[in-house]
Amino acid sequence: MQIKIRDATILNPDGNNFKGDIYIDGNIISEIKQKISQEAEYVIDASNKLVIPGIVNMHTHIAMTNMRGLFDDLKFDAFLNRGFMLDSNRTDEEIYWGAKLGILEMLSNGITAFMDLYYSEDIIARAVNEIGIRGFLGWAIVNKEITTQKGDPIKNAENFIRNFRNHELVTPLPAPHGVYSTTRDDLLAAKELSDRFDLPMTMHLSENKKEVYDLVKKEKKRPVEYLEGIGVISDKFIGAHGVYLTLSEIKTLGKYGATIVNNPVSNMKLGNGNFSPILEMLQYGVNVTLGTDSATSSNHLDLIETGRVASYLQKNYREEPTAVPAVEIFKFMTINPYKVLKKKVGLIKEGYLADLAILNKGLNMEPSEGHEIESLIYSGSGRNVQYTIVNGKILYEEGKFKGIDVEEIIKKNVKIYNNYKSLINS
Ligand SMILES: [Zn+2]
């Protein structure tokens, strides 16, 4: 299909902003010009609207979306225990419907790709494929002594990678759960999969004080020192959170060109304390991106709002209003993810894959002429998104999803959620 987007205000994270028409042919942005006369099957009038590259949510557990609200205002230990209790009893159906709900929410917020960390990613891949979002799906590797997965998590991850590695929308990858839930051998096996199949790998990293101190006690090393020591840090390494990092750890991550996912809303809601040292990461060459984390710890999957919080948190803690400006946040959510994901996405540019969002400025973003990126980050939200296009397909259009029974998805998830509620209360 061909799509023509007319009279758009195009915002790019590389500063190459432009007013004009965009032509999408198949899954590629084939032309950008002030005026394109060529006809298209589908024409979107984008006058007074903003067109941005698709937003990438770099850390979530999407299948947990149907547990939203069941983890609020709990002590961290109780939060983890409840997660473990519910996770260990889930059926494929529950995972599938939860993933679908989360994917729809992300699309409605202009998110065109996400990185997941969970078990049963083959089920999540089914939901990704049916709806048409881009999924970077990390199969959770947890030590086999404590995992609730059937079989050996490393073998499961390898099988998943073998089955999906040539898929158009799904990129499978290994995802060790964290230094506290894996052994050195598990981490090395994950790294070996990442090397053998030339894939990124993701894991939780230094999210809270306890996991850092526990490792220091056990290994006499902080997490990044430990991971570097066994050879796991590389330019394919994606650490989620990175709240408790020393300057020396940041320099190590920068030396390898590693990626960190900042999840400020989740961190604040869980009371992790402190704040992730983004400015130092940028200074020493760490690739910074953004994530919502799951709907059990951030309660919404809106990365525009997450970006706003990320910026305000740095400004506030550092007593420096110039810290992490809007344009930097815009890079975190669009172009930076693709430095490690290695796909031609993240810019509205000829020859790039057609993953983009079109936003209505609405009352909350007007006036914005000449400072649209600031308006997007500081005033906007996912609710301004009017169209979301992934791989050249319009998946979300003015509040509607083509060919998807949203009511059915909600109904199924409410039932699952009610079942969890009675499990918690029993
Ligand atoms: Zn997480």
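Modeller: Strands (E, at least two residues) and helices (H or I, at least four) are DSSP runs, numbered from the N terminus. The model is predicted, so local features need pLDDT of at least 70 and side-chain atom pairs count only at pLDDT 80 or more, while totals for chains, interfaces and linings use all residues. Residue numbers start from 1 along each chain as its sequence is written.

On one face of strand 8 are Arg-134, Phe-136, Gly-138 and Ala-140, on the other Gly-135, Leu-137, Trp-139 and Ile-141, and both sets are buried. Strand 7 (residues 111-118) runs parallel to strand 8 and is joined to it by six bridges, pairing being counted when DSSP finds at least two bridges between two strands. In this pairing Tyr-118 stands opposite Trp-139. From strand 7 the chain passes through helix 3 (residues 121-131) to strand 8 in a right-handed β-α-β crossover, the term meaning that, with the strands pointing away from the viewer, the path from the first strand over the helix to the second runs clockwise. Strand 8 also pairs in the parallel sense with strand 9 (residues 170-176), over seven bridges, and here Leu-137 stands opposite Pro-172.

For the wider setting, the domain assignment, which is automatic or taken from a database, gives domain 1 (2-53 + 352-401) and domain 2 (55-341). Their centres, taken over C-alpha atoms, are separated by 28 Å. The contact between them takes 23 residues from domain 1 and 26 residues from domain 2, two residues being in contact if their C-beta atoms, placed from the backbone, lie within 7 Å. On the side of domain 1 that touches domain 2, the elements giving two or more residues are strand 5 (49-53), strand 14 (356-360), helix 14 (372-379), strand 15 (385-390) and strand 16 (393-397). Helix 14 gives the most to that side, with five residues.

Helix 14 is also among the elements that cover the buried residues of helix 12, together with others including strand 6 (55-60), strand 13 (287-290) and helix 11. Helix 12 (residues 326-333) is mostly covered, with seven of its eight residues buried, among them Phe-330 and Phe-332. As for helix 11 (residues 303-317), its 15 residues should span 21 Å at 1.5 Å a residue, and its end C-alpha atoms are 21 Å apart, which agrees; the expected span is 1.5 Å times one less than the number of residues. Its buried residues include Leu-303, Arg-308 and Gln-314, and helix 11 is followed by Glu-319, whose phi is positive, near 50°.

A positive phi, of about 65°, also belongs to Gly-26, in the turn of the hairpin that strand 2 and strand 3 form with two residues between them. Strand 2 (residues 18-25) and strand 3 (residues 28-33) pair in the antiparallel sense over five bridges, with Ile-32 as the bridge partner of Ile-22.

Methods: Buried ≥ 20, exposed ≤ 12 C-beta atoms within 10 Å, placed from the backbone.
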